[in-house]
Amino acid sequence: MPTASSSLIHRIRFTPMRDVLRGRLTGRLDYRSRIDSTDLPEPAKALVKRVVKRTRLWRLEKVDVADELMAHFADGLDSGASIEELSNSFGDGRRVARLIRRAKKRNRPLAWHAMRYLGWTLVALVVCYAALLVRFIRARPSPTVNYLQVMNRPIERLTPQERAWPLYRRALLLIGQRTYDQDKELRDLLEVRFDGRRGAELKTWLDGHREAIELLRQASRKPALGFILGPDGSVNDPQLYPETQRLKSQNVWDDSLVSVSMHMPYLNDLGIARGALAAEARLARDQRDAAGLSADVVALLDMARQMQSDESVIGQMCAIGTRMVALEQIDGTLVDAPKLLSEAQLRGLAHLLVKPDSAAELIRLDGERLMYCDSIQRMYTDDGRGSGHLTFEGLRFLRFAGAVNARMSDVPAAQLATLPAVSLVALSRRDVRHEFDRMFESAEARLARPIREADWATFRNQMEKWRQSRFTSMRYAPLTWVVPSLEGLHMTAERYLGKRDGVLVGIALELYRRQQDQYPARLELLTPALLPRVPVDRITGEPLLYRIVEGHPVVYSAGTDLDDDGGKAPLSSAGAPDPWRAANWVANDQAVDGDWVLYPEPRSADPDDD
Amino acid sequence: MRIERELMRGAGPAAVLRLLEGGEKYGYELVKLLERSSDGVLAMGQSTLYPLLYNLEAKGLLASRVETARSPRPRKYYRLTEKGRRRLARDRKQWEVLSLAMERLGVIGA
């Protein structure tokens, strides 16, 4: 029992809480004082103190053990045994303490055992997580294939005579460097109608850039574009692209294909070239220059052909856009100057429009595959057996590619804490590659079919499932950033093909009218002499719809509402005819009332309304 | 004769349970009884007995109480629980079967 001289703090320290709450500072958990207060011989006291201390038990347990051992010694002495005999028979003090500790711990409450188990589990989890964090941060991807070289190889095999880019470059230098605003200004100018208020300005511009436009025509006749990709390729041109030097000096541009795809200024420049050729075609039409018009439309189609061979989907989309511009010129000519182009010229243009004839021919995913393979090798380790795990560098790459949830990047601490978890749950290199190949094969199969038969909904639903929870979002993050655009690509291609079908029918109608001095009562009369067959409505799968409205033919699809509205296109929010609104296959939007008019292009009466 | 630890590991608990079958006892008392009743064969010191008692108590085979009335100092008495009794009966049966088997083999009683 504690002596009267024990300090207050000492007594508080060795008093059970129960006694403290009752206002009694008993200090009864001080086993040393309890032992000292007995009349046992000093060797016995010392032995008991030593053993009890070594047990490292709770205070109450120590007191219990101390009492029991002291009682044992006392009973032994009372029965006549000597202290030496009792000490000798006691056994090894360390072993005793260890055995007593083990046994006493077994006696502890279930809650204690549960907490201990939980504690060790948490420690194990923390250790594992720390190991995972170290593994994650230290792991480095080891890219082995230079996919940029792979992409450039067919371009580098071209002879200088086969490459269009040097001529485009000269044309662009003649057109001149532009700021962002100047570029937009020029694009707007190139689209104005000559009978509008800025028509004279456009004509002046075209007259002042004759040499450039002729270079564009010459360039379009080359077999291929010939633009070498990458920071050290054709964009490494201080005269044309001074910005490139700044990017390289700031190390914001590496040779990953994702980075390369973000720095393709030639596509923007070819957009200007396209606009210039289209404006020139419209001027030729206004001036009744059939040869010039035909040459410019052919140049547009040739430019599209060159862009078509671009490995990137972005380039192929630009090619479709260029083809669309060519269609607009033909469409406009058939309406405004139907007799301008000769039969041979019309048949020649029709022949050029027949191919490509499917989305799969317009959109090739080879470049995307290369880009993805490059991305994988920059995100994952390589275990030499075709697999590996996502790295910290990989997640940074995903952020760069715009894949990772923006919320993560807003909270650095949370991001750091969850990164190892992402590595743990993300698909392995082998699995992501397998999944990617599977999805792209599936997408390519869909692109080979009309969009109405492609069942993109299944594809979309798969993506939605992956984004449903935080867990699946993290797991499939390397996949979700590339796949969603494929349905949109298909729709863009189908829109072009639908419009193309309309223009082909428009050409056939004009040729029929020239022969028969009237339009046919139905489209079947155009076959087979002027059309191989009546094109199919890309939305319904039925033959395209046709009627004569106020003496003029209208060729149209029933639109996504599947309802024949007599060739009336839906209106935009500004009240202008907008046939594309009736050609929206993506299910999110409700089907708009109206028809997808394919020929002629509905237009506003106001020449300044572009 | 010194018995091997592996044999003691099985015999020790059974011996303690048997001694407590006759009523509650305290630690030193058990040490002496074990020594006397087994002619020293199952003699065990405090280093073995007390951990054994705590283990049996943790398994619910024994229960303990501290008594202050019978002696000038607090003394912990151990007694068999119902579970302990069942365990003793089972151990007894096993030892009987084992002894019979050893006898038939000629290991003992030869």
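Modeller: A helix here is a DSSP run of H or I with at least four residues, a strand is a run of E with at least two, and both are numbered from the N terminus. The model itself is predicted.

Colleague: Where is the place of Asp39(B)?

Modeller: Asp39(B) sits in the loop of chain B between helix H2 (27–37) and helix H3 (46–58).

Colleague: Why does Asp39(B) count as exposed?

Modeller: The cut-off for exposed is over 50% relative accessible area. Asp39(B) has 71% relative accessibility, so the residue counts as exposed.

Colleague: What is the phi of Asp39(B)?

Modeller: The value is near 55°, which is positive, and the residue is not a glycine. In general, most residues other than glycine have a negative phi.

Colleague: Which value of phi does Arg56(A) have?

Modeller: Arg56(A) is not a glycine either, and its phi is positive at about 55°. Its position is the loop of chain A between H4 and helix H5 (59–78).

Colleague: What makes Arg56(A) exposed?

Modeller: Its relative accessible area is 56%. Exposed means over 50%, so Arg56(A) is exposed.

Colleague: And why is Arg399(A) called partly exposed?

Modeller: Its relative accessible area is 40%. Buried means under 20% and exposed means over 50%, with partly exposed in between, so Arg399(A) is partly exposed. Arg399(A) belongs to helix H22 (residues 392–400) of chain A. From Arg399(A) to Arg116(A) there are 283 residues in sequence, and the C-alpha atoms of the two are 41 Å apart.

Colleague: At what angle do helix H1 and helix H4 of chain B pack?

Modeller: Helix H1 (residues 5–21) of chain B meets helix H4 (residues 82–105) of chain B at about 125°, and the axes are 10 Å apart.

Colleague: Which residues of H1(B) and H4(B) make the contact?

Modeller: H1(B) brings Gly10(B), Ala11(B), Ala14(B), Leu17(B), Arg18(B) and Glu21(B). From H4(B) come Gly84(B), Arg85(B), Arg87(B), Leu88(B), Asp91(B), Arg92(B) and Trp95(B). By class, the residues of this contact are 5 nonpolar, 2 polar and 6 charged.

Colleague: How do helix H4 and helix H7 of chain A cross?

Modeller: Helix H4 (residues 42–55) of chain A and helix H7 (residues 93–106) of chain A cross at roughly 45°, with axes that come within 8 Å.

Colleague: Which peptide bond from Thr527(A) is cis?

Modeller: The bond to Pro528(A) is cis, with omega near -10°. Pro528(A) lies in the loop of chain A between helix H29 (485–516) and strand S1 (545–549). The peptide bond from Tyr599(A) to Pro600(A) is also cis, again with omega near -10°. Pro600(A) is in the segment after strand S3 (596–599) of chain A. In general, most peptide bonds are trans.

Colleague: What radius of gyration does chain A have, and what would a compact globule of 610 residues have?

Modeller: Chain A has 41 Å, while the globule would have a radius near 25 Å. Along the principal axes, the C-alpha atoms of chain A fill a box of roughly 140 × 55 × 45 Å. Chain A holds 29 helices and 3 strands, and 50% of its 610 residues count as buried.

Colleague: How many helices and strands has chain B?

Modeller: Chain B has 4 helices and 3 strands, in the order α-β-α-α-β-β-α from the N terminus. Its C-alpha trace spans about 50 × 30 × 20 Å along the principal axes, and 42% of its 110 residues count as buried.

Conventions
Residues numbered from 1 in each chain as written. Chains lettered and ligands numbered in written order. Predicted model: local features only at pLDDT ≥ 70, side-chain atom pairs only at ≥ 80, totals over all residues. Heavy atoms only, no water. Axes fitted to C-alpha atoms, helices over the stretch in contact; angles between N-to-C directions. Contact = heavy atoms within 4.5 Å. Nonpolar A, V, L, I, M, F, W, Y, C, P; charged D, E, K, R; others polar. Rg over C-alpha atoms; globule rule 2.2 N^0.38 Å. Buried < 20%, exposed > 50% of the residue type's maximum accessible area, 1.4 Å probe, protein only.
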